[in-house]
Amino acid sequence: MIKETYQLWTKEEYTYPVMGQFIPNVVTYIHEKGDRKRPAMIVVPGGGYSVVSPTEGEIVAKEFYRKGYNAFVVTYTTNLLKTSPLRQQPLKDLSKAVMFVRKRAEQFNIDSSKVVICGFSAGGHLCGSLAVHHNVKELVLDGEYEGINNRPDAVILSYPVITSGEYGHKDSFISLFGPDATEEELEYMSLEKHVTQKTPPTFIWHTATDELVPVENSYLFANACKEQGVVYEHHVFGNGRHGLSLANEDWASGNFGGDYTMQQLYETVQYLVDNGIKLPEPFNMFGTLPEGASVREAIKQGLQRFAPDNQPDEGIAIWPELANNWLRKLFGI
């Protein structure tokens, strides 16, 4: 497996006000080059646009790697402190990631006509946003990326945030637009209202008992796909909480893989600590740590206190196989 990290922007291009050196990036999970080009799976973890969760990053990329894909994990811009609205920055990050992978199709040994994006929760909203808004002028790049298509060939939405309306996940939209978002902004990011015949084929899965992002979000997008004639598949599992990722033994035991998706969070908290600024919950736990403990260790220990007791669910854990079967039929492979 070839695992490498690539920054999506130069320091000059990236203008979002981060506290540290973070720049959005892509981590690769690439097979050694063989005779055939592989489909690309770009994984986009969730986290309420406040963090990029490691529970839906490397573990998912490796699952699709084992299924024959060349996989990528995108660490996009988030807004932990709710002080600088993100607006379209995460969407620009993901759009650039799709173009980056396509531009390097030969290097990554991928079929540029088989590029899939797979998002979870707020990452699902981000993938859905690119699915419906891929052709807006704000996402067009010139120079070396001029003419490179940012439209994914298929989309997987896992317990996605979709709507800003009655069933919306409010914190996600506060991270995007702040507490005083305009009706126009909320309307633009209420994705079910923007599905068209140009929306890529979409695979959606959710649980009926999701306590954070109501299952109605999935139904809204699926119904919009149906109305517009978009190829889609929609699975709703009867039980299960939010954030199930792969729902398998590795996930339940905490074997998520690398925590590199947390870089912006680590750097933000380090900045706050260094400058004596009060930490947001659940990160205000440093007083209980042994002297000399790093910010990274502190965050991990603190988050473990709030972690639920994860249990694998064999019924839900079949979703990657369902998605893979759907994609292979879609792509004729």
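The model described here is a predicted one. Helix α2 covers residues 89-103, and its first and last C-alpha atoms lie 21 Å apart, close to the 21 Å expected at 1.5 Å a residue. Helix α2 also contributes to a pocket: with three residues, it supplies the largest share of the lining of the second largest pocket. That pocket holds about 190 Å³ of space. It is lined by 13 residues, and those closest to its centre are Leu8, Glu13, Lys96, Glu144 and Tyr145.

In helix α1 (residues 58-66), seven of the nine residues are buried, so α1 is largely enclosed by the rest of the structure. Just after α1 comes Gly68, with a positive phi of about 105°. Helix α4 (residues 122-133) is buried along its whole length: 12 of its 12 residues are buried, so α4 too is largely enclosed by the rest of the structure. Among these buried residues of α4 are Gly123, Gly124 and Gly128, together with His125 and His133.

Turning to the strands, eight of them make up an open sheet of mixed pairing, in the order β1-β2-β4-β3-β5-β6-β7-β8. At the edges are β1 (5-7) and β8 (232-237), each of which pairs on one side only. From one strand to the next, the twist averages 20°. Helix α7 (residues 216-228) packs on this sheet, where it touches β6 (154-158), β7 (202-207) and β8; the direction of α7 makes about 155° with that of β7.

Strand β1 runs antiparallel to β2 (residues 25-29), and three bridges join the two. In this pair, Thr5 has Val27 of β2 as its bridge partner. Strand β5 (residues 110-120), by contrast, pairs with β6 in the parallel sense, over five bridges, and Ile117 has Val155 of β6 as its bridge partner. Strand β6 itself has five of its five residues buried, so it is largely enclosed by the rest of the structure. Its side chains divide between two directions: Ala154, Ile156 and Ser158 point one way, Val155 and Leu157 point the other way, and all are buried.

Asn70 belongs to strand β4 (residues 70-75). With a relative accessible area of 0%, Asn70 falls under the 20% cut-off and therefore counts as buried. Beyond its neighbours within four places in sequence, Asn70 is in contact with Tyr29, Ile30, His31, Arg38, Pro39, Ala40, Met41, Phe108, Asn109 and Ile110. The C-alpha atom of Asn70 is 31 Å from that of Gly238, a residue 168 places away along the chain. Ile204, in strand β7, is likewise buried, and its relative accessible area is 0%. The contacts of Ile204, leaving aside neighbours within four places in sequence, are Leu157, Pro160, Ser218, Phe221, Ala222, Glu233, His234 and His235. One of these, Pro160, is 44 residues from Ile204 along the chain, and the two C-alpha atoms are separated by 8.1 Å.

Tyr49, in the loop between β3 (38-44) and α1, has a positive phi near 60° although it is a residue other than glycine. Tyr49 is buried, with a relative accessible area of 1%. Ala247 lies in the loop between β8 and α8 (249-252). Ala247 is not a glycine either, yet its phi is positive at about 60°, and with a relative accessible area of 1% Ala247 is buried.

Methods:
Residues numbered from 1 in each chain as written. Predicted model: local features only at pLDDT ≥ 70, side-chain atom pairs only at ≥ 80, totals over all residues. Heavy atoms only, no water. Helix = DSSP H or I, 4+ residues; strand = E, 2+ residues; numbered from the N terminus. Expected span 1.5 Å × (residues − 1). Pairing = 2+ DSSP bridges. Axes fitted to C-alpha atoms, helices over the stretch in contact; angles between N-to-C directions. Contact = heavy atoms within 4.5 Å. 1 Å grid on protein atoms, 1.4 Å probe; cavity = no way out; pocket = protein on both sides within 12 Å on 5 of 7 lines; lining within 4 Å. Points joined across faces, edges and corners; volume = space filled by probe spheres on them. Buried < 20%, exposed > 50% of the residue type's maximum accessible area, 1.4 Å probe, protein only.
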